[in-house]
Every structure is written in C-alpha cells, then in structure tokens.
Amino acid sequence: MNDEMTVEAEIRRYSPGEDAGPRYERYVVTGAGNMRVLDVIRRIYATSAGDLAFQFACRIGRCGTCAVKVNGVPVLACQERCVPRMRIEPLTPFPVIRDLVIDRTEIEERYARLALTPAPPAAGAAQPLPMDPGLAERIGHLDSCLACMICVSACPAVAERPFDGPAFMLKLGYMHKHPANDQDRVDSAMESGLLECFGCDACTQLCPADLSPAQEIRELRRDAVLGARSRS
Amino acid sequence: MRTHAIALPRDTTRQSRGLLIGNVSRLLHRVSGVVIILFVLAHTLVQAVRHFPPLMFLNAAWLGPLQQQPWLHGVLYFSLVFHTLYGLRLLVGDLGVRIDYRLSLWGIVGLSLLPLLREWGRYAGF
C-alpha cells in the first residue's frame, strides 16, 4: 500500500515582470506510494527549487489554498494522489503572481460586491433567528464552500462567456435561501451570468467540499422563471 | 442516507483521473447540435438541387449514394435523439427537478445509441 513511487513532475514556472514567458521545469521525486501532489511540490521546493512559489495552509482539504491544476484538471494539491507523470499549473483563468500562486484580488472583490453577509438583526433583537432545521442543515452545508476556485477553473462557461462562475452562484444561492437575506439574489445572479451556465456539472464533480454549485444554479434559474414560491 | 450536514472533505484523491463527465456531456451536446445543423443545411441544399430547375444541373451522381450511407444515418439519428433528450434534461433541471448528472448522461447516451445500432443493424441485414 505504501510502496515507494517515482513521480515526474513538470511545474509551470513564471514570474511576470521577470520572465519573458512561462516555462515548464521537470523534476523527479521519489516518495511514498500514497503521497499527494502537495508532498511533491514541497519536496521539490525543499530539494531542487527553493525559489518555487506555491501556497498551502491546512493540508487537510479545508482551506482551499493549495488548489492547482494537475494534468489540466483543477484539484486540491493536498488531497490529490500523485500519478507517475504530472503537469502542475496554477489555476486558470486567474492572473498569476508567481509560479503556482494566483492573484485572488478580483475574487475577493467579486465576493465583496455580492455582499454575501446576512443582514444584521434589527436593533434590540437579541433573539437568535428562527430557522427550520432542514433549512439550517442545508445552509450549513452550502456554507462549507472553501472558495478554492476549483469549480471556476473547471467551468467551461467561465472560459467562453461572461459568467462569474459556479462558486459565486453557490454563494448567491446560499444567500437566496438564508432567512436573513434582504436582497434580490436572483437578480444579482442574473447580472453575474446565471443564464450562461451550460449545466454540465463539471463543478459538482470536482468540488472538494462535495457541494453542487450546478444544483444551486438550477434552483436560482427555477426561481428566476417560476418565482421564489416554487421552492420546495 | 445522504444528509446536507457540514461534511469533511470527500476523498478527492483521484479526481484528475478518468472522465470529466461535464466535458463529455457538453462536447456531445455541442457536436450533436452541429451535426443536426449540418444535416439541415445539406438536406435543404440537396432538395434544392433535386427539385429546383435552375439548380438541377448540379444534381451530381454522388448525391444518391451519399444519402444511403448507413453510418451517416446512424450518426444523424444518434445526434437527433441525444440533442433532444439532453436538451430536455437541461430544461427539466432548470425547472427544479434534481437529476444525477452521471446517470442522466449515460442513460441518454444509451437511449441515443439504440436508433444508431438499429440503423446499422438494418443495413447489416439483422
């Protein structure tokens, strides 16, 4: 089970402003048979490429910081098992700060623009918000989005159309269901490209938190067509 | 039983392997749509060449045999059925019906293969 394996990793190296263009550097790493992509990256950093830029935090798949593309598929580096040949790249379509680190400024700005915070209770209302247990469970599940941007990177509609991406739709869907919501989230979703989604569920398949942004998009679309009363 | 409770991250260890279902369904839907458009264009052209007197001089000998190609019929029938059913699946999903994306894709592919195989079987004499 824990046999050794040798991995041939090609890492995209690029430092805007310093390099003329991106290049792929090849590294060979030998380690445990069940090592993850992040283990390979850290080993390369420690032994061969001390100037390699990458980021991680929790190492248990909860923070979403280490998301990269492996052989063209966005994954969490700390969770993804290695294959013998890997091409490791930063997430697309985001601007690269350096090597595997993307610039999340625009992502944070989009989240801020969508005002994804439930409205504060009225002054003096110290009581907790009454909420149906089923709805609370559903909202809690939706709130476990890591904002890792794997879904956005995998989304073909983001690459082709004016669509913010599944992660933002999921958050809008979360707020749309939240009892303390005081904005028209369907309207916000429409402005963010709700109708541009192909409905392919690539986001659902790849979400490391086992969420389904595509289902949230479908529910937002249903409410856009039939109205919020159609909610079951 | 599946619940919506906050869950630990699922085992994502082999996500980059295998088919990305969304890409398969999207490409099949797109390619089948292109096949249908090409068929409609070709069909209109052929009918014009065959029945519109000023264009009859173009009525090439290859038109007849081309229309008897079983693989062409099979691909066309597959495209028609797949594009229709997958389009309906998207529509139904947008109206709130929960459909598993893997099951629906392979189910629709299976149903779409039936007329293709029937057509090919017919030409093969089965």
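Buried here means under 20% relative accessible area, with exposed over 50% and partly exposed in between (1.4 Å probe, protein chains only). Helix α3 itself covers residues 133-142 of chain A, and its buried residues are A:Arg138, A:Ile139, A:Gly140, A:His141 and A:Leu142. At the start of α3(A), a side-chain oxygen of A:Asp132 comes to within 3.1 Å of the backbone nitrogen of A:Gly134.

## About the model

This is a predicted model, in which local features need pLDDT of at least 70 and side-chain atom pairs count only at pLDDT 80 or more, while totals for chains, interfaces and linings use all residues. Residues are numbered from 1 along each chain as its sequence is written, chains are lettered from A and ligands numbered from 1 in the order in which they are written, and side-chain values use heavy atoms, leaving out hydrogens and water.

## The chain as a whole

Chain A has nine helices and seven strands; these are DSSP runs (helices H or I, at least four residues; strands E, at least two), numbered from the N terminus. Its C-alpha trace spans about 60 × 40 × 35 Å along the principal axes. Of the 232 residues in chain A, 53% are buried.

## How α3 meets α6

Let's look at this helix pair. α3(A) and α6(A) pack at an angle of about 160°, with their axes 10 Å apart. The axes are lines fitted to C-alpha atoms, for helices over the stretch in contact, and angles run from 0 to 180 degrees between N-to-C directions. α3(A) is therefore roughly antiparallel to α6(A), a label for angles over 145 degrees.

On the α3(A) side, the contact is made by A:Leu135, A:Arg138, A:Ile139 and A:Leu142; on the α6(A) side, by A:Leu170, A:Tyr174 and A:Lys177. Contact means heavy atoms within 4.5 Å.

## The five-stranded sheet

Chain A also holds an open sheet of five strands, in the order β2-β1-β5-β3-β4, with mixed pairing. Two strands pair if DSSP finds at least two bridges between them. The edge strands, each pairing on one side only, are β2 (23-32) and β4 (73-76) of chain A.

Strands β1 (residues 4-13) and β5 (residues 85-89) of chain A run parallel and are joined by four bridges. In β5(A), A:Arg87 is the bridge partner of A:Glu10. Helix α1 (residues 37-47) of chain A packs on the sheet, where it touches β1, β2, β3 (67-70) and β5 of chain A. The direction of α1 makes about 110° with that of β2(A).

Definitions and conventions: Polar contact = N/O pair within 3.5 Å; in protein donor to acceptor, adjacent residues only side chain to side chain. Parallel < 35°, antiparallel > 145°, perpendicular 65-115°, else oblique.
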